[in-house]
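Dear colleague,

I am handing over the structure below, and I would be glad if you could look through it alongside my notes on the strands and the aromatic rings.

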Amino acid sequence: MPRIGTSDLHVFPLALGGNVFGWTADEQTSHRVLDAYTSAGGDFVDTADVYSAWAPGNEGGESERVIGSWLRASGKRDDVVIATKVSQHPQYSGLSASNVAAAARASLERLGTDRIDLYYAHFDDQDTPLEETVRAFDQLVQEGLVRYTAISNYSRSRAEEWIRIAKENGLALPVAIQPHYNLVTREPYESEIAPLAASEGLGVVPYFALAAGFLTGKYRTKDDFAGKDREGQVSGYFSDEGLAVVDALDTIAQAHGAEIASVALAWLQAQPDVVAPIASARNTEQLPALLASADLELSAEELRTLDDASAKVPAAS
């Protein structure tokens, strides 16, 4: 059970993404997914207060409400690590001190819990002085509402500044960073964020670990994702070089009798400082391939094969 940075949180090496809860997975289905994940040993659930405000009829907070109703029904609050995020909810936008305080309390109410285990600044807020934000997060820790703080989607320079402010003022230091990182999106994470994570002891929790489903192998042609919920996301990964990565994954998966998704996640889990990639399942049928990654060990040669194939993928514009 890897540890999240310098915290005392030890978690299953696959985080269950909550972005689909209340969106492509209704409450009942989401509960079944959470039951299956935890029954298999999973204990790390990742969400955000904005999930899923983009869906027609939703206002944000739907995922947290679904997780909260599951926590009440299952009685498993003390068995799971809950991570959520602030800055993007339509009613709680930005990272001012007052907004962070209000958004955290709203998340706690939706989740039906008295503490958030890992609280992320979801996206940087350039309009708010960074020291104000860092102090606001520290205040939540002092009040016992948040156990540990973290950052997501921050540039290296801004992350370094956050850490400097925290150190100089004796404030809560972030223990994790959540970057966009997978086999078809390796930059800017590897050149910019990875060295910072290593030097500062940050646990890395990559999102879009399966590239919106592209790295499951189910999208081999543009027709495969046309009209789907994630068409816009998947199209950004689609290229001949990306398909070559999927082919390499397929070959390795066949050698292990495993699913393509399992291999893609196992590659991430083998990278330095990665604690647990995030992957979501909109039904229980999708879950076994995700869970299997925790027990799949790739050889050095297989890791090199994937490294070489993915190095040819053009960087995102």
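Strand E6 (residues 116-121) runs parallel to strand E7 (residues 146-152), and five bridges join the two, where strands pair if DSSP finds at least two bridges between them; helices (H or I, at least four residues) and strands (E, at least two) are DSSP runs, numbered from the N terminus. Ile-116 stands opposite Val-146 in E7. From E6 the chain passes through helix H4 (residues 130-142) to E7 in a right-handed β-α-β crossover, that is, clockwise from the first strand over the helix to the second with the strands pointing away from the viewer.

Please note that this is a predicted model, in which local features need pLDDT of at least 70 and side-chain atom pairs count only at pLDDT 80 or more, while totals for chains, interfaces and linings use all residues. Residues are numbered from 1 along each chain as its sequence is written, and side-chain values use heavy atoms, with hydrogens and water left out.

Six of the six residues of E6 are buried, meaning under 20% relative accessible area (1.4 Å probe, protein chains only).

The structure holds 11 aromatic pairs, counted when ring centres of Phe, Tyr and Trp (its six-membered ring) lie within 6.5 Å, with planes under 30 degrees apart called stacked, over 60 edge-to-face and the rest tilted. One of them is the edge-to-face pair of Phe-137 and Trp-162, at 5.3 Å centre to centre and 80° between the planes. Phe-137 lies in H4 and Trp-162 in helix H5 (residues 156-169), so this pair ties together parts that are 25 residues apart in sequence.

With regards

Technical notes. Buried means under 20% relative accessible area, exposed over 50%, partly exposed in between (1.4 Å probe, protein chains only).
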